[in-house]
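Me: Please show the sequence and the structure, and then let us examine the side-chain contacts and the packing in turn.

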Amino acid sequence: MKEILLNRLKDCKKLVIMGIGNELKGDDAIGIYVVKKLMRHFNREGELTNIKNLYLINAGTVPDFFTDILKEIEPTHILIVDCALIGKEAGAMDIIKEDEIANYSFSTHTLPLSIIVKYLKNFIDADIIILGIQPKIIDFCPMSEEVKLSGDKLVEILVEIIEELKLVR
């Protein structure tokens, strides 16, 4: 996954990482889990934080609420992390192509991710990367260990990439 993300982010000048999900519904919280863990790594907290050319957004179930902020930031790249039914084992990660978004079921948001991405594409000249993580369970329960371990691994990968791209220096 690191090589795939690094290749997509190689020309990145300003990165937004947006975590989407519902913390009450088990593995659906994985996007939020990843962003909050990144915030802790950089000693930050909140719904939106900025460190130099890195922006971390905890969008919860309302990613559409952050579209105006994204337009103001004008990122070169947006990485969206979300729980997605990708037909693989629990915790598996995959990059979902923009033209295939409609083929996947995502977590609980107010608007479908396909509509949000199309809207953003009309206003922001950014490479939008959607990273889906296969859930084990989406119910009113804690996150599964399989998905949490994938989230931890993704955070490690993202920290390495952020440092390699010098986004926080």
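This is a predicted model: local features need pLDDT of at least 70, side-chain atom pairs count only at pLDDT 80 or more; totals for chains, interfaces and linings use all residues.

Reply: Residues are numbered from 1 along each chain as its sequence is written, and side-chain values use heavy atoms, with hydrogens and water left out.

Me: Are the rings of Tyr119 and Phe123 stacked, edge-to-face or tilted?
Reply: Rings of Phe, Tyr and Trp (its six-membered ring) pair if their centres lie within 6.5 Å; planes under 30 degrees apart are stacked, over 60 edge-to-face, and the rest tilted. The centres of Tyr119 and Phe123 are 4.8 Å apart and their planes meet at 50 degrees, so the pair is tilted.

Me: By about how much of a helix are Tyr119 and Phe123 separated?
Reply: Helices (H or I, at least four residues) and strands (E, at least two) are DSSP runs, numbered from the N terminus. Tyr119 and Phe123 both belong to helix H4 (residues 113–123). Because they are four residues apart there, the separation is about one helical turn.

Me: Which charged residue sits over the ring of Phe123?
Reply: A charge sits over a ring if NZ of Lys or CZ of Arg is within 6 Å of the ring centre and within 35 degrees of the ring normal. Phe123 has such a charged end 4.2 Å from the centre of its ring. The residue is Lys71.

Me: Within what arc do the buried residues of H4 fall?
Reply: Buried means under 20% relative accessible area, exposed over 50%, and partly exposed in between (1.4 Å probe, protein chains only). In H4 the buried residues are Leu113, Ile116, Val117 and Leu120. They line one face of the helix, because, seen down its axis, they fall within an arc of 95 degrees. That arc is taken from the directions from the helix axis to the C-beta atoms, and its value is 95 degrees.

Me: Which exposed residues does the face of H4 turned away from its buried side carry?
Reply: The buried side of H4 includes Ile116 and Val117. On the face turned away from that side, the exposed residues are Lys118 and Asn122.

Me: How many residues of strand E4 are buried?
Reply: Strand E4 covers residues 77–85. Two strands pair if DSSP finds at least two bridges between them; E4 runs parallel to strand E1 (residues 15–20), joined by five bridges, and pairs in the parallel sense with strand E7 (residues 127–133) over seven bridges. E4 is largely enclosed by the rest of the structure, because the number of its nine residues that are buried is eight.

Me: Which residue in E4 stands opposite Ile17?
Reply: Five bridges join E1 to E4. Opposite Ile17 stands Leu79.

Me: How many residues apart are Lys2 and Glu164?
Reply: A salt bridge is a side-chain nitrogen of Lys or Arg within 4 Å of a carboxyl oxygen of Asp or Glu. Lys2 and Glu164 form one at 2.7 Å, N to O. The pair links helix H1 (residues 2–9) with helix H5 (residues 145–164), and the separation in residues is 162.

Me: How many residues apart in sequence are the parts tied together by Lys37 and Asp152?
Reply: The closest N and O atoms of the Lys37–Asp152 salt bridge are 2.7 Å apart. Because Lys37 lies in helix H2 and Asp152 in helix H5, the pair ties together parts whose separation in residues is 115.
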